[in-house]
Amino acid sequence: MESETNILPEGLLRKYWGYDQFRYPQKEIIQSVLDNKDTLALLPTGGGKSICFQIPALAKEGICIVISPLIALMKDQVEQLSKRGIKASAIFSGMTKRQIDITLDNCIYGDHKFLYVSPERLKTDLFKERSKKMNINLIAIDEAHCISQWGYDFRPAYLEIRGFTETLADVPQIALTASATPRVEQDILEKLELSDTSTFRKSFARENLTYSVFELENKESKLLDILNKVPGSAIVYVRSRNKTKTISEFLNKNRISSAYYHGGLGYDERNRKQELWISSKFRVMVATNAFGMGIDKPNVRSVVHLDIPPDIESYYQEAGRGGRDGHRAYAVMLYHQSDIDDLKNKIEQSNPSIEEVKPVYQSISNYLKIAVGSAFMASYDINLDDLVKNFKLEKKSVFYRIKALQTMGLIELNESFFTNSQITFLVKNEDVYRFEIEHKEFEGILKCILRLYGGEVYQSYVNIQESDVSRLLKISVSEVCKKLRKLKEFSILDYQEKSDLPKITFLTPRLNANDLEKESSILKERRTVNLEKADPLIKYLKTDSVCRTRQLVSYFGEEMKIDCGYCDYCLKNRSTYNEEVSKIVGETLLNTLEEGPFTLERIYLTLRSFKKDMINSVIRVLLDQGKIRYKENDIIEKVD
């Protein structure tokens, strides 16, 4: 893919995304990156973070390294870029050495523009050596809050990103996050050592998103009431897998079409349900927090939390999946006192002691037959039920203890891991032709592969659907798999079959279980942090005397001039609210016009923290009072 340095950012936006203009402050962020400045972008969920690094990377010679914490996020962004004709790759746990090797070659010698990697990957000798040969034009650190222990999804490996970036002193960095408190923001700047940084913040207030909280006993009845009053697509979040199914069945019995979703479902079932919901074949998705990441359905009208999340950041992210089309949407939290007690108990459960964690680490190592000192960045399929049974572990506690091992930066569990089957030719096209002549039984499948997947199969791995090959050749899927395995034995192609099992990746060489004691301080710190982060969430639930949006943005260090006007608090105080807002808008408008005449559009832009209908109402009042006047071409000026 050739450089597009001669195309302005707006031109790239039109060419690849089909939009005519940027949303504020995307253009300013992009210009900062193009000026080679280190940049921090704090944009709320749905604020268009990805474009802020994708467009400047396209506009510059070379490739952008994107550091991302989740495989699902990497895959989603690579898929979205590929659909737009932009070459992008990802390296994640579970790939073979050959797959990684070919991907890195494409990034060095090919025309790929983006390479997505986990922070752990940066530490490997292979990546460090091969990245030296890449023409890196930008380093994008996505989900940058993961660098802070005060962030809601701390990843120890993020602390080591600086070890990689310091070797690329002339390459600008952009750090992006949708939810950072002032404390986390400072951590990002300090730990990444961003120099002369341009920081951009978009208000965390979502004008079209109405927040409400209700304390009540019968939450299911209130859920029905909400869904009956608010038409359109909805998400209902709960904290347990069993409850997703129970609530979905309850809604269906009450004639509200729904399905359930959690990380324990097979890939095909998850994908099918997700696609049906996105295309509005059913109305409500009842899900754990495994649902939503990377899903951009614009017309979600309500997001209901039937169970309370662990902290404000999680709630803000999940609620923010409503109303991305800019139209009115509703975020509702339903709770009773026992939920708060359950939250504190769950924090205790999910923060086990080092003595509880060690046996699970030892059992996983024994189950996978991993020797001490080996397996750095190696991935293994793992059957958790089988692990629990063989080593007589308590199933419920194993999950929390594995999560603790992740917090310690020792292993990673990709519980909902899935990769399509992939193939790439290992020989040139003339060698394939010769093989066809000598082995007529493979002629059909080789021609079919080239017909379906084209010449790219000679250059890199491509996703393959065995069912598509089966249909064209009119043979069974099992026969297709058998032929592909045989071609792999002949070293004609490499065939990596799909897997739907969870994968465990060792993020460090396997330790002796007793050596884990050295890392125990991380678990103690996380327990303290998690308990402290629950307090603002509980306060949010209990405080019904302050605007909900004002409470949320205050948590992120932002001060709102006015209440939102739509939350449960504001609706109870609507008349007082309107008077206060009108007064503030009037004073702000008159102060603004002290600078000189403004067009109406410029007034809207300058006073963008206020709603247009309120601005228009105040303009009418001030016109009647003779304090302002209209001139030609919709220009308004103050009357002296």
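Let me start at glycine 266, which sits in the loop between strand S10 (258–261) and helix H11 (267–278). Helices (H or I, at least four residues) and strands (E, at least two) are DSSP runs, numbered from the N terminus. This is a predicted model, in which local features need pLDDT of at least 70 and side-chain atom pairs count only at pLDDT 80 or more, while totals for chains, interfaces and linings use all residues. Residues are numbered from 1 along each chain as its sequence is written, and side-chain values use heavy atoms, with hydrogens and water left out.

Glycine 266 counts as partly exposed because its relative accessibility is 27%; buried means under 20% relative accessible area, exposed over 50%, and partly exposed in between, with a 1.4 Å probe and protein chains only. From glycine 266 to serine 203 is 63 residues in sequence and 38 Å in space, C-alpha to C-alpha.

Which residues of helix H1 (residues 9–17) are buried? They are Pro9, Gly11, Leu12, Leu13, Tyr16 and Trp17. Those buried residues pack against helix H2 (26–34), helix H3 (49–59) and helix H4 (71–83), where contact means heavy atoms within 4.5 Å. Just after H1, glycine 18 has a positive phi of about 80 degrees.

The axes of H21 (residues 520–542) and H22 (residues 548–555) come within 10 Å and cross at roughly 165 degrees. Axes here are lines fitted to C-alpha atoms, for helices over the stretch in contact, and angles run from 0 to 180 degrees between N-to-C directions. H21 is therefore roughly antiparallel to H22; the cut-offs are under 35 degrees for roughly parallel, over 145 for roughly antiparallel, 65 to 115 for roughly perpendicular, and oblique for the rest. On the H21 side, the contact is made by Lys533, Pro536, Lys539, Tyr540 and Leu541, and on the H22 side by Arg548, Gln551, Leu552 and Tyr555.

Last, the cysteines. How many disulfides does the structure hold? Zero, with a disulfide taken as a pair of cysteine sulfur atoms within 2.5 Å. For cysteine 64, the nearest cysteine sulfur is that of cysteine 107, 11 Å away. Cysteine 64 is buried, at a relative accessible area of 0%. Cysteine 146 is in no disulfide either, and the nearest cysteine sulfur, that of cysteine 64, is 17 Å away. Cysteine 146 is buried, with a relative accessible area of 0%.
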